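This report goes through one protein fold, from the whole chain down to single residues. Please keep the sequence and the coordinates open while reading.

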Amino acid sequence: MTQIKVTSLGESKYHVEVQEDGSTTKHEVTVTEADLKKYGNGVSAERLLKASFEFLLEREPKESILRTFPLPLIARYFPEYPTDIRARLG
């Protein structure tokens with residue numbers, strides 16, 4: 001079972017920890033207010049990040065996810081991200 005834990009570091013930065021198969025990866029993601037408006041459908045940054053990591057984990061192993069990145073970078077690698085994430089968040 002996969003666990004995704006999101007913690008605010010302040011100033012639009014978030015620590016994301018992914019536990020799966022007995023190992024953990026750690027990531028730092030920047031989520032701005034503009035990102036929340038564009039992708040978040042009014043949800044919290046924590047909820048947006050959890051859904052975003054679920055999206056990523058469906059496409060690649062946790063070890064392949066960048067350690068540090070701004071949220072919009074996901075759309076560069078996965079063009080379907082904006083549409084998919086909005087649908088997930090309803």
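## Terms and model

Helices (H or I, at least four residues) and strands (E, at least two) are DSSP runs, numbered from the N terminus. The structure is a predicted model, in which local features need pLDDT of at least 70, side-chain atom pairs count only at pLDDT 80 or more, and totals for chains, interfaces and linings use all residues. Residues are numbered from 1 along each chain as its sequence is written, and side-chain values use heavy atoms, with hydrogens and water left out.

## Overall fold

The protein contains 4 helices and 4 strands. Read from the N terminus, the order of these elements is β-β-β-α-α-β-α-α. The radius of gyration is 12 Å, close to the 12 Å that the globule rule gives for 90 residues, so the protein is as compact as a globular protein of that length. The radius is taken over C-alpha atoms, and the globule rule is 2.2 Å times the number of residues to the power 0.38. Along the principal axes, the C-alpha atoms fill a box of roughly 35 × 30 × 20 Å.

Of the 90 residues, 39% count as buried. Buried means under 20% relative accessible area, exposed over 50%, and partly exposed in between (1.4 Å probe, protein chains only). A contact means heavy atoms within 4.5 Å. Among contacts between residues at least 6 apart in sequence, 49% join residues at least 24 apart.

## Surface and charge

The accessible surface of the protein is about 5100 Å², and carbon and sulfur atoms make up 49% of that area. Accessible areas come from the Shrake-Rupley method with a 1.4 Å probe; for residues, only the protein chains shown count as cover.

There are 13 positive and 14 negative side chains, and the centres of the two sets lie 3 Å apart. Lys and Arg count as positive and Asp and Glu as negative, while His and the chain ends are not counted. Each charge is placed at NZ of Lys, CZ of Arg, CG of Asp or CD of Glu.

## Strand pairing

Two strands pair if DSSP finds at least two bridges between them. Strand E1 (residues 3–10) pairs with strand E2 (residues 13–20) in the antiparallel sense over 7 bridges. Within this pair, Gly10 has Lys13 of E2 as its bridge partner, and Ser8 stands opposite Tyr14 in E2.

E2 also pairs with strand E3 (residues 23–30), again in the antiparallel sense, over 8 bridges. Here Tyr14 stands opposite Val29 in E3, and Gln19 has Thr24 as its bridge partner. The pairing of E3 with strand E4 (residues 68–70) is parallel and has 3 bridges. Val29 is also part of this pairing, with Phe69 in E4 as its bridge partner.

In a regular strand the side chains alternate between the two faces of the sheet.

## The two hairpin turns

The hairpin of E1 and E2 has 2 residues between the strands. Glu11 lies in this loop, and its phi is near 50°, a positive value in a residue other than glycine. At 78% relative accessibility, Glu11 counts as exposed.

E2 and E3 likewise form a hairpin with 2 residues between them. Asp21 is found in the loop between these strands and has a positive phi of about 55° although it is not a glycine. Asp21 counts as exposed, at 70% relative accessibility.

## A buried lysine

Lys62 sits in the loop between helix H2 (45–57) and E4. Is Lys62 buried or exposed? Lys62 counts as buried because its relative accessibility is 3%.

Leaving aside residues up to four places away in sequence, Lys62 touches Val18, Glu20, Ser23, Thr24, Thr25, His27, Leu57 and Arg67. One of these residues, Ser23, is 39 residues from Lys62 along the chain, and the two C-alpha atoms are separated by 9.7 Å.
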